[in-house]
Amino acid sequence: MKQRPIYTEPENCQDCYKCIRECPVKAIRIENNKAYIIAERCIYCGHCTQICPTGAKKIRDGVPAVKEILRQNKQVILSLAPSYASEFGNLPVSSLIAAIKRLGFSGVSETALGAELVSAAVNEFLLHSPRSIYISSACPVVVEYIRKYAPEHISSLTPIFSPLLAHARFLKKQYGEEVKVIFAGPCIGKKTEADNFKDLVEIAITFKDLKMWMEKEGIQPENEKGEEMHFIPYNSGKGALYPVEGGMLAGIDGEDKKVIKMAFSGMENIQDVIRNLDDSPRKDTLFLELLSCKGGCINGPGKLSSSSLAIKRYDVTRKINSADRDKPLNLSDLTNYYTVDQQIEKEHYTENEILQALAAVGKTSAADELNCSGCGYDNCRDFARALLAGRAEENMCVSYMRKIAHDKATVLLQKIPAGVILADLDLKIVDMNRYAANLLGEETTLVYDASPGLQGVALEAICSFSALFGAALSTGKEIIERQIREGDKIWMLSIYNIQPHRLVFGLLQDLREPYGKTEWMMGKTKEVISKHMETVQKIACLLGENASYTDATLRAIMETMKGKE
């Protein structure tokens with residue numbers, strides 16, 4: 001089975017859920033704490049590959065397949081996306097073409113030629129169509145979004161091939177059906193297009209792929225002398241504007257018929273535009289150019305340069321060649337009707353099912369629905385629907401996992417047969433267990449009963465050894481097994497760092513008690529660590545210091561007890 005254009009490397013995924021948060025269609029499934037792409041839901045905008053902090057989301061490398069095509073065929077033409085002008089700096093076009101031909105291509109042609117064919121076809125379509133709202137089919141990601149998530153607007157898509165497919169058809173007509181067409185550009189959606197139209201385009205690669213390929217071959221485009229090199233069969237004109245927001249509109253005249261033209265880019269904007277778009281009769285035709293990437297294709301996920309969109313737009317517009325051609329660009333038929341993707345099933349869940357899913361993560365009332373988006377979903381109910389659909393796991397809920405971690409730590413703190421006192425840099429109690437209160441005397445126990453945990457109480461108010469805590473906090477050095485006498489009481493105190501200079505915990509034991517409890521305590525501590533370490537590790541990436549505190553506390557207790565034995 002062929003690898004999808006975008007995939008996950010599980011070993012790199014750190015379950016941060018950022019891809020879910022950022023995915024415009026939530027095409028992510030969590031399995032065993034790893035985020036995988038749901039192929040049938042994905043629109044291949046490639047945004048997740050840009051924002052994944054660990055690089056777990058990968059773009060399929062098409063270069064090996066291209067090398068094989070070059071090896072087996074004499075005529076292989078590279079269709080170069082017009083945004084190349086914003087990617088290769090001030091590199092002369094002739095040098096770029098020479099470098100590409102050194103890779104084995106028989107020629108290089110501008111995808112922008114296909115864009116001009118599309119503009120002509122759209123003009124003709126609008127001229128003979130009834131007044132309505134029409135959406136450009138030039139962006140494959142937008143087309144996929146409408147096919148999957150806004151099928152009510154499928155009839156609004158202009159029934160015309162994309163610029164890439166139009167260009168491929170043009171090249172085959174110009175040079176013969178046996179010619180092989182490869183695409184290079186910043187778009188991941190083009191990879192899906194190539195997969196679906198093998199009769200026109202063999203494969204699509206990104207600008208990043210192209211550059212890395214050249215580097216591996218030791219080709220430096222800036223050193224190439226390509227004075228005689230040029231695009232085949234000729235340079236493009238206004239089609240070169242397609243990769244910038246509103247660029248397509250420059251080639252849509254609408255002079256013979258009143259056409260109101262608008263351009264929007266970025267999936268969030270597009271979703272807003274489409275959400276309440278109605279096609280009720282108007283006196284004018286409305287034509288919408290929609291591009292999935294903010295600012296246009298110059299900001300695609302397979303781009304090389306991270307320079308300002310303004311500079312990129314400038315680089316594209318300044319390279320337009322509007323010179324007259326010997327032969328007009330035309331193709332007899334660029335018609336392509338789009339159909340609804342039947343793979344997407346509408347998810348309908350009853351209120352009772354949603355409430356049950358919410359209850360599974362400890363949300364039993366509206367007040368429990370924090371809508372913090374920590375799981376990646378916009379609100380708790382969307383998360384509940386994802387749970388019901390099998391796309392999410394319960395441990396993705398941050399507040400739920402925080403509560404579990406806190407409850408487990410609290411139970412452990414109270415069940416350990418030793419006094420535990422947590423103190424901050426102000427020498428105030430963060431938490432302590434009842435055992436510690438009992439060791440410190442009846443008066444402290446009474447106060448503890450009135451205010452469990454004694455949070456915020458000054459250490460010096462309940463014990464005589466607050467100075468030891470102060471020393472551990474100020475120096476950052478731990479104190480191990482310090483004997484303390486107070487009247488007829490003899491204690492053993494060890495103080496460990498949780499956050500050096502900020503948070504420590506003390507382990508207090510009564511030396512007058514037999515050590516028979518030690519073995520039991522060690523066994524129970526090991527049991528708790530064994531059973532709950534997975535949860536602690538899960539919480540670590542979400543809650544940081546809270547999980548670290550639990551882990552450090554457990555391990556320090558074990559170390560102390562081992563020392564005792």
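User: What is the strand order in the open sheet of five strands?
Analyst: In this predicted model, the strands of that open sheet run in the order S13-S12-S16-S15-S14, and their pairing is antiparallel.

User: Which strands stand at the edges?
Analyst: The edges are formed by strand S13 (429–432) and strand S14 (479–486). Each has a single partner strand, so one side of each is left without a neighbour in the sheet.

User: And what does the twist average from one strand to the next?
Analyst: The twist averages 25°.

User: How many bridges pair S14 and S15?
Analyst: Strand S14 and strand S15 (residues 489–499) pair over six bridges, in the antiparallel sense. Within this part of the sheet, Arg-485 has Ile-490 in S15 as its bridge partner.

User: Which helix packs on the sheet?
Analyst: Helix H17 (residues 466–475) packs on the sheet. This helix touches strand S12 (419–424), S14, S15 and strand S16 (503–510). The direction of H17 makes about 25° with that of S15.

User: Changing topic to helices: at what angle do H12 and H13 pack?
Analyst: Helix H12 (residues 351–359) and helix H13 (residues 380–389) pack at about 95°, and their axes are 9 Å apart. Angles of 65 to 115 degrees count as roughly perpendicular, and H12 and H13 are therefore roughly perpendicular to each other.

User: Which residues in H12 and H13 meet?
Analyst: From H12, the residues are Glu-351, Glu-353, Ile-354, Leu-355, Ala-357 and Leu-358. They meet Cys-380, Arg-381, Ala-384, Arg-385, Leu-387 and Leu-388 in H13. By class, this contact has eight nonpolar residues, four charged residues and no polar ones.

User: How many disulfides are there?
Analyst: The count comes to zero disulfides, where a disulfide requires two cysteine sulfur atoms within 2.5 Å. For Cys-16, the nearest cysteine sulfur is that of Cys-52, 6.1 Å away.

User: Is Cys-42 buried or exposed?
Analyst: Cys-42 is buried, with a relative accessible area of 9%. Cys-16, by contrast, counts as partly exposed, at 31% relative accessibility.

User: Finally, how many helices and strands are in the protein chain?
Analyst: The protein chain has 19 helices and 16 strands. Of its 565 residues, 52% are buried. Among contacts between residues at least 6 apart in sequence, 72% join residues at least 24 apart.

Notes:
Residues are numbered from 1 along each chain as its sequence is written. This is a predicted model: local features need pLDDT of at least 70, side-chain atom pairs count only at pLDDT 80 or more; totals for chains, interfaces and linings use all residues. Side-chain values use heavy atoms; hydrogens and water are left out. Axes are lines fitted to C-alpha atoms, for helices over the stretch in contact, and angles run from 0 to 180 degrees between N-to-C directions. Helices (H or I, at least four residues) and strands (E, at least two) are DSSP runs, numbered from the N terminus. Angles under 35 degrees count as roughly parallel, over 145 as roughly antiparallel, 65 to 115 as roughly perpendicular and the rest as oblique. Contact means heavy atoms within 4.5 Å. Ala, Val, Leu, Ile, Met, Phe, Trp, Tyr, Cys and Pro count as nonpolar, Asp, Glu, Lys and Arg as charged, and the others, Gly among them, as polar. Buried means under 20% relative accessible area, exposed over 50%, partly exposed in between (1.4 Å probe, protein chains only). Two strands pair if DSSP finds at least two bridges between them.
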